[in-house]
Each structure stands twice: as structure tokens, then as C-alpha cells.
Amino acid sequence: FYTLFTASTIRHFRRCTKTAYDYWHDKPLKTYSLIFVILNVLHYLCNIMKVLFLVIGKTVDKHLTALINDYANRVKHYIPFDMEVIPELKNTKALTPEQQKEREGDLLQKQLREGDYVVLLDEGGKEFRSVEFAAYIEKKQSQVARRLVFVVGGPYGFSPTIYKLAREKVSLSKMTFSHQMVRLFFVEQIYRAMTILRGEPYHHE
């Protein structure tokens with residue numbers, strides 16, 4: 001619940017309350033002004049978009065972990081954001097790549113909810129420049145009612161079931177990165193997108 005109270009959320013609350021005050025401050029029944037504000041805020045809380053970053057297996061390298069956590073904490077100043085790690089499978093040497101993808105797909109599905117807008121980080125997905133990705137996130141904030149879920153698969157990618165569940169695919173690069181390094185690159189891009197949308201001096205064209 002705490003993550004809802006980000007800087008962007010507070011700014012939206014201020015706009016909500018100012019709109020309510022401007023409309024109602026001359027009205028004789030000022031009690032309704034407070035009711036209007038409360039309902040407006042509750043409506044916003046129920047419909048605010050949260051970004052969920054879903055990955056399989058913990059990040060092994062402690063340096064990567066530190067950087068990922070740093071950028072994740074920065075992102076939380078702008079939007080509700082969480083990164084969930086699904087425990088990796090055990091005894092994978094006894095599985096074929098297809099079997100491993102299927103089992104990982106089952107674990108991923110258990111983390112998804114009805115209404116989630118699922119986007120796979122996949123080499124076959126659409127590529128964006130950073131400013132374009134920022135615009136993409138801004139657009140999704142007005143379109144996605146609950147959770148925008150970005151998913152990184154295991155070392156062999158995704159099962160057919162997960163591909164069917166996905167609404168979109170996004171590629172970070174035509175190059176191939178380890179599924180561990182992609183985590184850092186993606187969280188940094190989310191942070192970069194937020195600074196672009198706020199006009200802050202982090203991104204340079």
C-alpha cells in the first residue's frame with residue numbers, strides 16, 4: 001500500500017483535491033466537497049496502474065543485484081513498481097528445454113491476475129528508442145487499469161502458453177543478453193523513461 005504514495009501519486013491527489021475545491025468552494029453544502037474529494041481519491045487508488053517486473057530465478061551476481069535494487073528504488077519515486085522473483089526450477093538437467101519452459105510457464109501463470117496486461121521481454125518484440133519507450137509507458141498509464149506486467153523468461157525463453165497470454169512483446173536490443181543482465185537494463189530503462197516524462201536531466205539525446 002505504501003508504494004501507492006509516490007511523488008506522481010501525490011501530485012495527482014493534489015490535482016484531484018484542487019479540482020474538487022474549485023468546483024465546490026462556492027457551494028453552500030461544503031460537506032459534499034469533502035465527500036467528492038474522498039471518492040475521487042479512492043477511485044484513483046483503485047485504478048492506478050502498477051508496474052510489475054516478473055523474473056525467474058534470483059540474480060546471482062551481487063553487483064547486478066545492487067544496481068537493480070538501486071534503480072528499482074528510484075522508479076518507486078515515480079510510479080508503483082515491484083519486482084517479483086520466481087524461484088528457479090530444481091534438477092533442470094533432467095528436463096529438456098521445452099519441459100523447462102513449460103514448467104516455468106506454469107509458475108509464471110500463478111503470479112498473474114485477471115486483468116493483467118502482460119508484456120514479454122523477447123528478442124522478437126518491438127524495439128523502442130528511449131524517448132519512444134517513455135511515450136509507450138505514458139500511454140499505458142492511461143490505458144491499463146491495474147497491472148502492467150513485464151516478464152523475463154528463463155534461459156530458454158517462454159512456453160507457448162505464456163506467448164498466448166501476452167498482449168505485447170518488447171525487445172531491448174537485437175543483441176542477445178543473459179536473462180540476468182536484462183533485468184538491470186530494463187529497470188534502468190523504466191527509470192530513464194520516468195525522467196524523460198518529468199523533463200529531468202538524466203537522459204540526453
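**A walk around strand β4**

Among contacts (heavy atoms within 4.5 Å) in the protein between residues at least 6 apart in sequence, 84% join residues at least 24 apart. The model is predicted, and local features need pLDDT of at least 70, side-chain atom pairs count only at pLDDT 80 or more, while totals for chains, interfaces and linings use all residues. Residues are numbered from 1 along each chain as its sequence is written, and side-chain values use heavy atoms, with hydrogens and water left out.

Let's start with the overall layout. The protein has 7 helices and 5 strands; helices (H or I, at least four residues) and strands (E, at least two) are DSSP runs, numbered from the N terminus. Along the sequence they follow the pattern α-α-β-α-β-α-β-α-β-α-β-α. Of the 205 residues, 41% are buried, where buried means under 20% relative accessible area with a 1.4 Å probe, counting protein chains only.

Now turn to strand β4, residues 147-151. 5 of its 5 residues are buried, so β4 is largely enclosed by the rest of the structure. Both of its faces are covered: Leu 148 and Phe 150 lie on one side, with Arg 147, Val 149 and Val 151 on the other.

What are its strand neighbours? Two strands pair if DSSP finds at least two bridges between them. Strand β1 (residues 50-56) runs parallel to β4 and is joined to it by 5 bridges, with Phe 53 standing opposite Phe 150. Strand β3 (residues 117-127) also pairs with β4 in the parallel sense, over 4 bridges, and here Val 118 has Val 149 as its bridge partner.

Next, look at the packing. A nonpolar core is a set of buried Ala, Val, Leu, Ile, Met, Phe, Trp, Tyr and Cys residues joined through side-chain atoms within 4.5 Å. The largest such core has 32 residues, and those with the most contacts inside it are Phe 53, Leu 148 and Phe 150. The elements giving two or more residues to this core are β1, α3 (62-75), β3, α5, β4 and α7 (181-198), and α7 supplies the largest share, 8 residues. Phe 150 shows this well: leaving aside neighbours within four places in sequence, its contacts include Leu 52, Phe 53, Val 119, Phe 133, Phe 186 and Ile 190. A second, separate core of 13 residues includes Ile 86, Leu 108, Val 149 and Val 151. In soluble globular proteins, nonpolar side chains tend to be buried together.

Key: Buried means under 20% relative accessible area, exposed over 50%, partly exposed in between (1.4 Å probe, protein chains only).
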